[in-house]
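Hi,

Here is the structure I promised to pass on. Please have a look, and then read my notes below.

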Amino acid sequence: MAAWETVTETINNYTGLSPAAFFTVLALMYVTYKVVCGMFVAADDYAAVKRSNEIALREPAQMGDVTEEELRAYDGSDNNKPLLMAIKGQIYDVSRSRMFYGPGGPYALFAGRDASRALALMSFDTKDLTGNIEGLSESELEVLQDWEYKFMEKYVKVGQLVSNNTSSESKEAERQSIGNTSKHDEDKSQENKIEGNEVQ
Ligand code: HEM
């Protein structure tokens, strides 16, 4: 109590204000400071925010066949690249949900990857950050299917994952192969057979 009296007395001696008036002025100064700060953005931050907004708003570009390694570059760390994420080998442009998948976002760990296993298991464990869905139960595959439907509805599909050793020439050869059936299509129909569930 004595300390409080000393403080109020000192405030009064130095400023001529009552403690209530002094703290009101202090609060107003703090609010003014915060408002003025909010009106300015550091030049670097501004450029980055503007760039990522532009990317989120533009029509997603089709990427075609992409390897897992290539996909990693689209994890949001480069503001000039779209944010991509894959489910069951299908790549979606998730740039419009940067708040979820961008750096610092709650689901940033999924960006630039096929996160099928993690989504099926509702897991944030890094060992589940893979497109390998072997050994999942019926109900886990159903959870994954629901995620896939959500992504198909919300985002634009921009490509598909291909294995690392599929060179561009062999990709081209595959495209021109009899019946024009790509490896991905084969994989997908195999996948659908396993699930007994025709997608698209
Ligand atoms: C405490 C548990 C959790 C809470 C409270 C929570 C909450 C939320 C909320 C509020 C959203 C936004 C929904 C929207 O606006 O569309 C969301 C989105 C999402 N959640 Fe969770 N979540 C949880 C756990 C998980 C887990 C375990 C996973 C997967 C491992 C997950 C994956 C996702 C994904 C991928 C999205 C974004 C979907 C999109 O792109 O629209 N969440 N979550």
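What follows is a short account of the fold, the core and the ligand site.

Two points before the findings. This is a predicted model, in which local features need pLDDT of at least 70 and side-chain atom pairs count only at pLDDT 80 or more, while totals for chains, interfaces and linings use all residues. Residues are numbered from 1 along each chain as its sequence is written.

The protein has 9 helices and 4 strands; helices (H or I, at least four residues) and strands (E, at least two) are DSSP runs, numbered from the N terminus. Along the sequence, the pattern reads α-α-α-β-α-β-β-α-α-α-β-α-α. Of its 200 residues, 22% count as buried, where buried means 20 or more other C-beta atoms within 10 Å of a residue's own, exposed means 12 or fewer, and partly exposed lies in between, with C-beta atoms placed from the backbone.

Of its 14 residues the number buried is 0, so α1 lies largely in the open. G16 follows α1 and has a positive phi, near 75°.

Strands β2 (residues 84-87) and β3 (residues 90-93) pair in the antiparallel sense over 4 bridges; pairing requires at least two bridges found by DSSP. Their hairpin has 2 residues between the strands, and K88 there takes a positive phi near 50°. In β2, L84 and A86 point one way, M85 and I87 the other, and all are buried. A86 has I91 of β3 as its bridge partner.

The largest nonpolar core holds 25 residues, and L71, L84, M85, I91, Y92 and V94 touch the most other members. Such a core is a set of buried Ala, Val, Leu, Ile, Met, Phe, Trp, Tyr and Cys residues joined through C-beta atoms within 7 Å. β2 gives the largest share, 4 residues.

Now for the ligand: which residues surround it? They are V94, S97, F100, Y107, A118, L119, M122, S123, F124 and K154, near meaning a C-beta atom, placed from the backbone, within 6 Å. By class, this shell has 7 nonpolar, 2 polar and 1 charged residues, with Ala, Val, Leu, Ile, Met, Phe, Trp, Tyr, Cys and Pro counted as nonpolar, Asp, Glu, Lys and Arg as charged, and the others, Gly among them, as polar.

Best wishes
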